[in-house]
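Subject: Structure for you to look at

Hello,

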Amino acid sequence: MQDLAEMDELAEMGKLTLKEILHGWTDDDVAAFGLARTIGLMGPDVDFQSTAKHVFWSNNQVGISLSKILEELVVAGVLEQRDEPNHKYKWNQTFKGTWEE
C-alpha cells in the first residue's frame with residue numbers, strides 16, 4: 001500500500017482485501033492496520049494517525065496480535081517480508097492457495 005489515502009479509497013469502494021492493500025512494500029504498522037480493516041476490526045471511519053496509531057506503536061495486545069497474524073502469513077508463504085531499510089510486508093505474488101487449483 002502506497003499510503004493510507006489509497007487504503008481509505010479502496011475501503012470506500014468496498015474493495016478492501018489484504019492482497020490489494022499489500023500489493024507493494026508496506027510498513028508493518030500500516031500492514032497491521034490494513035489487516036484490522038479487512039477483518040472488520042477497524043472500519044473506514046477509524047483514522048490511523050489520530051485514532052489507531054497507538055495500537056501499533058505501543059505494547060497493545062490487539063496490535064501485537066495483528067503483527068503475529070502477519071508473521072504467520074509470512075511463514076505460510078502468503079506474504080513476503082523485509083527488515084531493511086524498514087520492516088515491511090507485501091503480498092507474495094507467486095502464492096497460490098490449495099483452494100485455487
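A word on terms before the tour: helices (H or I, at least four residues) and strands (E, at least two) are DSSP runs, numbered from the N terminus. This is a predicted model, in which local features need pLDDT of at least 70 and side-chain atom pairs count only at pLDDT 80 or more, while totals for chains, interfaces and linings use all residues. Residues are numbered from 1 along each chain as its sequence is written, and side-chain values use heavy atoms, with hydrogens and water left out.

**Overall layout**

The chain has five helices and three strands, and their order along the sequence is α-α-β-α-α-α-β-β. Of its 101 residues, 36% count as buried; buried means under 20% relative accessible area, exposed over 50%, and partly exposed in between (1.4 Å probe, protein chains only). Among contacts (heavy atoms within 4.5 Å) with a separation of 6 or more, 41% are between residues 24 or more positions apart.

**The strands**

Two strands count as paired if DSSP finds at least two bridges between them. Strand β3 (residues 88-91) runs antiparallel to β1 (residues 26-27), and two bridges join them; here Asp27 stands opposite Lys88. Strand β3 also pairs with β2 (residues 79-82), again in the antiparallel sense, over four bridges. In that pairing Gln81 is opposite Tyr89, and the two strands make a hairpin with five residues between them.

**Helix α3**

Have a look at α3 (residues 28-38), which is mostly covered, with nine of its 11 residues buried. Among the buried ones are Val30, Phe33 and Leu35, and also Asp29 and Arg37. Just after this helix, Gly40 takes a positive phi of about 85°.

**Helix α4**

Which residues of α4 (residues 48-57) are buried? They are Phe48, Ala52, Val55 and Phe56. These residues lie on the same side of α4 because they cover an arc of only 90° around the axis, the arc being that of the directions from the helix axis to the C-beta atoms. Gln49, Ser50 and Trp57, on the other side of α4, are exposed. At the start of the helix, a side-chain oxygen of Asp47 comes to within 3.4 Å of the backbone nitrogen of Gln49.

Best wishes

Technical notes:
A polar contact is a pair of N or O atoms within 3.5 Å; within protein, one must be able to donate a hydrogen and the other to accept it, and residues adjacent in sequence count only if both atoms are side-chain atoms.
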